[in-house]
Amino acid sequence: MKNKNIKTLMLSGCLISAIFCAGALSGCAKGDETGKMPANKARETIQTTENGLKNVTMKDEDYGQNIYTPAFPLIYEDLKKEIVKKDKVELVGFNSYMFNVLNRMDPPENRLDEKYYYKIIAKKTPAYKRKIENDIWKKFKEKSSILDSIPFKPKNENEIILYSMVKKNVEFLKHFEILDSMPFNGSKFDVKYFGVKEKARNYKNNVKPLFYEEDSYAISLKTKTDDEIILYVGNLEEPADIVWDELVLKLHNSKEDFFGNKDKLQVPFISVKELIKYVDLSGKMIKGTDYRINSAIESVEFSLDNKGAKLKNEAAMMVEMTALIPSNSRYFSFNRPFILFMKEKGKKEPYFMLKILDTKYLIKG
């Protein structure tokens, strides 16, 4: 391991989801709380919904930059296989960067066990809305955060809805300590943190360093369900899935490592609550078919604290049709930009990825 004389290791994680990196890659807004990150003009917060979700518009070219979620990729796979019946979906007169990203990635079914997601293709009628609501309550004991915002019309034979929900909670093997609040990457206000500041041996089964270099490092936090929450500090300029690929290459060259008794860990509390509108897809015709995309939305509700992580993720696409188709002391501190991945045991790819570039998704101390 490099830099053994360094007594403090600052480990910050670049997070994709976000996990939970599961099925949809969406670009997170880049705030300017620190004065170090440029604003993302293509992603604009509009207002807050009744469910407490921030209404956000997503431009096509920003999809997948900072967050990957599983729900939208699930409905994209159904659109491709059940509606278009081709290897990829193309739009008339519009080369979608978003669809290109989804086409290059493994489908979410390869990243996430079926018991954690629900999906359906249905007519956009009140009867099918009730069916979806009953199904997700039966499977997840959850209510939808998006269905009430979608108009369902009786005897609607001309429009179908592709819908999915992902629900998964994971708990750390041992709850971490709550640490003192402090700024994140030079922010003007303090945010909440959890981690390990002393007696690291009590957390040796919870925390596994993956590799450590002077300005790039990664760590895995273990859970009771064998999911991993992986935090990575390094080059975060590429989209979240490319960052993951670069991390995998680094891990191939790393040696076995352990969380030492003098090591420390610092991770911020995270809260994401957004309703994303994919505005550039609206009104686009699907090439080679008689179908038109009327609208596409996705909700992301993700939280990370000293006990574990929770993910609730929904997506819906409304498609109009013309025909009916059914050692030395190290300090693992995540107080600067990092990325978070969530991965199931035995799976090669994460199902959720999320970049934390500023305080947008952090909780004030």
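The paragraphs below lead from the overall chain to its aromatic rings.

This is a predicted model, in which local features need pLDDT of at least 70 and side-chain atom pairs count only at pLDDT 80 or more, while totals for chains, interfaces and linings use all residues. Residues are numbered from 1 along each chain as its sequence is written, and side-chain values use heavy atoms, with hydrogens and water left out.

The protein chain holds 4 helices and 19 strands, taken as DSSP runs numbered from the N terminus (helices are H or I, at least four residues; strands are E, at least two). Of its 365 residues, 56% count as buried, a term for under 20% relative accessible area with a 1.4 Å probe, protein chains only.

Across the whole structure, a search finds 17 aromatic pairs, meaning rings of Phe, Tyr and Trp (its six-membered ring) whose centres lie within 6.5 Å, called stacked if the planes are under 30 degrees apart, edge-to-face if over 60 and tilted for the rest. The rings of F211 and Y232 form a tilted pair, because their centres are 6.1 Å apart and their planes stand at 50°. Since F211 lies in strand β10 (residues 207–212) and Y232 in strand β12 (residues 228–233), this pair ties together parts that are 21 residues apart in sequence. F211 is buried at 6% relative accessibility, and Y232 is buried at 1%. The rings of F334 and F338, by contrast, have centres 5.2 Å apart and planes at 70°, so this pair is edge-to-face; F334 is buried at 0%, and F338 is buried at 0%.

One aromatic cluster is formed by F172, F176, F194, Y203 and F269.

Notes. Buried < 20%, exposed > 50% of the residue type's maximum accessible area, 1.4 Å probe, protein only.
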